[in-house]
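Welcome to this guided tour. Open your viewer, get ready to select residues, and follow along stop by stop.

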Amino acid sequence: MATAFSFAQALLFSKTSLSLRTNGLKSFSFCLPFSSSSAALSFDKPHSKKWKQPVASVLEIGGVKISKDDVLRDDPTNNVPDTIFAKLGMQLHRRDHHPLGILKNAIYEYFDTNYSNKFDKFDDLCPLVSVKENFDDVLVPADHVSRSYNDTYYVDSQTVLRCHTSAHQAELLRRGHTHFLVTGDVYRRDSIDSTHYPVFHQMEGVRVFSPEDWAPGTDATCYVAEDLKKCLEGLARHLFGAVEMRWVDTYFPFTNPSFELEIFFQEKWLEVLGCGVTEQEILKRSGKTDNVAWAFGLGLERLAMVLFDIPDIRLFWSTDERFTSQFLKGQLGVKFKPYSKYPPCYKDVSFWISESFTENNLCEVVREVAGDLAEEVQLIDNFTNKKGMTSHCYRIAYRSMERSLTDEEINKLQSTVRELVESKLKVVLR
C-alpha cells in the first residue's frame with residue numbers, strides 16, 4: 001500500500017511502473033520537477049584493500065536491461081552509492097529456498113486457495129520509477145519528509161529507486177487489473193541496526209470491487225472494509241496458526257478508513273500489516289469512478305524474522321552455506337539455528353555537527369566503508385556548548401556474522417569512516 005512510508009514501511013520494525021512506461025528503462029524524461037534544499041551526497045570509495053564482490057555493469061530485471069550508468073549517474077541530485085546498485089537484481093524474494101521466497105509463496109498459496117487464482121502476481125517489476133509514480137500517484141503530500149534526499153535514493157531529480165511497491169499501483173489499476181499482489185525489493189536511506197537495512201522487501205495487495213458486488217442499500221465502504229478484515233484474518237491464521245488478533249484504527253493518507261492488524265504471538269502483540277479502504281481519488285485517477293477497493297501492505301523481513309527466528313536483518317543477504325542450507329522450498333517457519341557468534345568491536349566518533357548534518361547521511365558513510373560489517377550506529381551522547389555548537393558522539397558496532405575481525409581491519413575501517421565523515425558531512429571532528 002502506498003505512501004511516503006507505505007503500510008509496510010510504517011510497520012517495518014517501528015516502534016517509535018509497472019515500470020518506467022512499459023516496465024522498462026526506455027526513458028527518464030518524466031515531466032514532474034523536484035527540488036530540495038538538501039544536497040545529494042557522493043561518496044569516495046574506501047581505501048581498504050579488503051576484497052569486495054565486483055558490481056555487475058549491466059543487469060536485467062523483468063526483461064529490462066539496466067546499466068550501471070543508468071543508476072550511478074553523474075548528476076548533482078544522484079545519491080545512489082555502489083553498495084546499493086550492487087543489490088539491484090538480487091531479488092531475494094524470487095528464490096524459492098530463501099526465507100523471503102518461502103514466505104512470499106506461502107502468501108501466494110493462501111490467495112490462490114481462497115480466491116481461485118483471481119489475484120495477478122507481479123514480482124519482477126523494475127525498481128526504477130518516476131517521482132510521480134513513487135509519490136504523487138499515491139497521494140504523498142508535496143512537502144512530506146519521505147521525498148527528501150535524506151530518505152530516498154534519487155537517480156536524478158525525476159527518478160528514484162522505489163520506496164515501496166505501491167509505486168506500481170496506479171499503473172496496474174490503469175491497465176485494468178482488479179486483483180493483484182506486488183512483491184519487490186524497495187530502497188530507503190535508513191539507520192543501522194539489527195532490524196533496518198537500506199534494501200528490504202514488501203508485498204502489497206489490492207482488490208477492486210464493482211457496484212454489483214454489494215447489495216443495494218449497503219454501505220460500500222463498510223462492505224469492503226469487512227471483506228478486507230476477513231481476508232487478512234485468514235492470512236494471519238495461514239501464516240501463524242490459531243492466534244488471537246485485534247484491529248487498531250490508524251491513519252494513512254491513502255486509505256480511509258485505515259487499520260493495523262496485530263496478533264498475539266510468542267507472548268506479545270505483534271504488528272503484522274497495515275491496510276484500509278483505498279482513497280477514492282486514487283481510483284478516480286485510474287478511471288475507476290464507480291469502484292471501491294481495499295489494499296494492504298506488509299514487510300517480508302519483519303514477518304520472516306519472527307517466523308524463522310532470524311535475529312539480524314543482514315542475514316537475509318548472507319551467502320554462507322551455514323545459513324542458506326537451513327531453509328527449503330515450502331517449509332515455512334523452520335527455526336534458524338545460529339552457527340556462530342563472533343564478538344563485536346565498538347568504535348566511537350565524536351564531532352561538532354553542521355546545520356545540514358543528518359544521521360541517515362552518517363549511516364550512508366558507514367555503510368559505504370564497512371558494508372555489512374557495520375552492525376549498529378548509535379548516538380550515545382550529545383550536548384550544546386555556550387557558543388551554540390552541538391556535539392554528537394556515535395558508537396559504531398562492527399561485527400561479521402561469519403568470522404572474527406582483526407584489530408588492524410577495524411582500525412582501517414574506522415580511520416576511513418572518520419576521514420569521510422569530516423570531508424563529506426562537513427563536520428568538525430573532536
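**Stop 1: a helix and what follows**

Select Gly371, which follows helix α11 and has a positive phi, near 60 degrees. Before going on, note that this is a predicted model, where local features need pLDDT of at least 70 and side-chain atom pairs count only at pLDDT 80 or more, while totals for chains, interfaces and linings use all residues. Residues are numbered from 1 along each chain as its sequence is written, and side-chain values use heavy atoms, with hydrogens and water left out.

Now select residues 359-370, which make up α11. Helices here are DSSP runs (H or I, at least four residues), strands are E runs of at least two, and both are numbered from the N terminus. How many of the 12 residues of α11 are buried? The count is 11, where buried means under 20% relative accessible area, exposed over 50% and partly exposed in between (1.4 Å probe, protein chains only).

**Stop 2: an enclosed strand**

Next, select residues 292-299, strand β12. Eight of its eight residues are buried, so β12 is largely enclosed by the rest of the structure. Val292, Trp294, Phe296 and Leu298 point one way, and Ala293, Ala295, Gly297 and Gly299 the other way. In a regular strand, side chains alternate between the two faces of the sheet.

Look for Met203, whose bridge partner in β12 is Leu298. Strand β11 (residues 268-278) also pairs with β12 in the antiparallel sense, over four bridges.

**Stop 3: rings**

The whole structure holds 22 aromatic pairs, counting rings of Phe, Tyr and Trp (its six-membered ring) with centres within 6.5 Å; planes under 30 degrees apart are stacked, over 60 edge-to-face and the rest tilted. Select Tyr197 and Trp317: their ring centres are 5.7 Å apart and their planes at 25 degrees, so this pair is stacked. The two residues lie in loops, 120 residues apart.

Definitions and conventions. Pairing = 2+ DSSP bridges. Expected span 1.5 Å × (residues − 1).
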